[in-house]
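We'll go from the whole chain down to single residues, one selection at a time.

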Amino acid sequence: MWASQAGGAFYGCCRSLLSAGYISCLCCVDPLVADLRLKPVYATDPALVDAPLTDVPNQWAPAKGIHLYHFPLSLDSQKVRQGLEELGVKWHSHVILLPLQQQFSPSYVRINSRCVVPTLVIDGNVSTDTINILNTLASRFGPTNKCFETSEEEGACVNDWVDRAADLFIEALTYGEIEGVKKPFPIGGASQGGSYHQKKVELLSGLIETYKNDPTLRAAYEKKRAVIEATQGAMVTAGQIPAIISATKAELVELQTQLQTGPFNKGGWLASDTFSLADIQWGAVLYRLRWLGLQPLLWEEDSIISAYAEKLFARDSFQKGVVQWSKVGRKVVLPAIRYKLLKAIGLKRDL
Ligand SMILES: N[C@@H](CCC(=O)N[C@@H](CS)C(=O)NCC(=O)O)C(=O)O
C-alpha cells in the first residue's frame, strides 16, 4: 500500500505512521517496512487499553496500607519498585507470577482490568499505568522526602525522556527471536515463533467464554486479547524485529547525544541535575537490554551510555528495587513451585 503513495501524500501518511509508532523516522522509510509496529500498544493505541487510574476506590483491593502488585522480572515493576525505594516508602508485596498467567486471574483483573503489572494500592485506592503510578508516588511522597524535585525547565526534558523510554518496544525485544542472540532463562524458550503470545490468546479466549456473563471480566479479557494480538502480530511479521532493533538503536543514539550535551556530562543525570523519573525509566531499560544480551547490537561497550548505566546500576535504590528482585531461582522459580504445590493440594484456586 505504501509503495503506491507518492510525494506529499506519501510524506503525510508517513508523518501519521511516525506519531503512531509504526515507523521511527521519515528519512529512512522503506515502503515495504513502513507498516510495521515499532512501539508498544500502550504507547500508541490508548483506545485499545483502559485509561490509567489514579487513586480510584476499589472494593476488591486491600483497604489499608501501601501495596504493590508486581512481578520480580517485569520491567515496569522494576521501575516502580525503584521509585518506592527512592521515596523511602514501605510497601506490601503481592507477587503476580506472569509465567503462571496470574495477571489474568479474576481476583487480580478486578483490581487492574489491563491484566498487567504493576498496580499500586494505597488505602483501598488503585493506581495503574507505570508512568502514572510513578507520577502519583512522586507528587504524594516526593516533597516531604525532597525527592524527584526538578525545576520547571527541567520538567519538560524529564517528561520527554520518560516517554522515550516507555515508547521503546521492549516486549518485542524480550520475546522476539533475534538472530545470534541467546536469551537468558526464563525468557529463552518461552518466545519461540510468537508461541508465548499465542498461548495467552488461547487462554483469554477460554476466559472470555467462561466469564461471558460477567461484563467487567469479559470486557477486560476481550481488550487484553486485542492488545496481545496486536503485540504478537508485531513479533511474527517478517522484518519486524530488525526494524524494532533499528528503531531502538536510533533512540540510543539520541540518548548518547543527550548524555554528552546535557546535565550528565556536568556530573548530573539524564535530564536534570538531580536524579529524576527519567533515570528510573532508563535504568531498568538499559539493565533489561544488557540482560537480554542486546548491548553489543545497540551501543558501544566503552561509551557514555555504559558510563551512565554503571552510575544508574550502582544506586542503592536500583540495587534494592531491581537487582535484588532479579534472582530468578529465589524470586521466580521457588514461588512458582510453591504455588503449584498449594494448587495441587487444593489450597490455591485460580483461573
Ligand atoms: N506500561 C503499561 C503496560 C504494563 C505491562 O505491559 N506490564 C507487563 C510486565 S512489564 C505485563 O504485565 N505483562 C503481562 C501480560 O501482558 O500478559 C502499564 O504500566 O500499565
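**Before you click.** This is a predicted model, so local features need pLDDT of at least 70 and side-chain atom pairs count only at pLDDT 80 or more, while totals for chains, interfaces and linings use all residues. Residues are numbered from 1 along each chain as its sequence is written.

**Whole chain.** Start with a cartoon: the protein has 15 helices and five strands. These are DSSP runs numbered from the N terminus, with helices being H or I of at least four residues and strands E of at least two. Of the 351 residues, 38% count as buried; that takes 20 or more other C-beta atoms within 10 Å of a residue's own, whereas 12 or fewer means exposed and anything in between partly exposed, with C-beta atoms placed from the backbone. Among contacts (C-beta atoms, placed from the backbone, within 7 Å) with a separation of 6 or more, 72% are between residues 24 or more positions apart.

**The core.** Next, select Trp161, Ala172, Ile244, Leu277, Ala278, Trp282 and Val285. Within the largest nonpolar core, which has 81 residues, these touch the most other members. Such a core is a set of buried Ala, Val, Leu, Ile, Met, Phe, Trp, Tyr and Cys residues joined through C-beta atoms within 7 Å. Helix α11 (residues 277-291) gives this core its largest share, eight residues. Now centre on Trp161: leaving out residues up to four places away in sequence, Trp161 touches Leu270, Ala271, Ala278, Gln281 and Trp282.

**A helix pair.** Show α8 (residues 195-210) and α9 (residues 215-236). How do they pack, and at what angle? The angle is about 160 degrees, and the axes are 9 Å apart. Axes are lines fitted to C-alpha atoms, for helices over the stretch in contact, and angles run from 0 to 180 degrees between N-to-C directions. The two helices are therefore roughly antiparallel, a label for angles over 145 degrees. By class, the contact has seven nonpolar, five polar and six charged residues; here Ala, Val, Leu, Ile, Met, Phe, Trp, Tyr, Cys and Pro count as nonpolar, Asp, Glu, Lys and Arg as charged, and the others, Gly among them, as polar.

**Two cis prolines.** Jump to Val117 and Pro118, joined by a cis peptide bond with omega of about 5 degrees. Pro118 sits in the loop between α4 (106-109) and β4 (119-122). Then try Phe185 to Pro186, where the peptide bond is also cis, with omega near 5 degrees. Pro186 is in the loop between α7 (170-175) and α8.

**Positive phi.** Select Gln101, a non-glycine residue with phi near 60 degrees, in the loop between β3 (92-95) and α4. Gln101 is partly exposed, with 17 other C-beta atoms within 10 Å. Asp129 has a positive phi too, near 75 degrees, in the loop between β5 (125-128) and α5 (130-145). Is Asp129 buried or exposed? Asp129 counts as buried, with 24 C-beta neighbours inside 10 Å.

**Last stop.** Finish at Gln260 in helix α10 (residues 240-261). Gln260 counts as exposed, with 12 C-beta neighbours inside 10 Å.

Conventions: Angles under 35 degrees count as roughly parallel, over 145 as roughly antiparallel, 65 to 115 as roughly perpendicular and the rest as oblique. Two residues are in contact if their C-beta atoms, placed from the backbone, lie within 7 Å.
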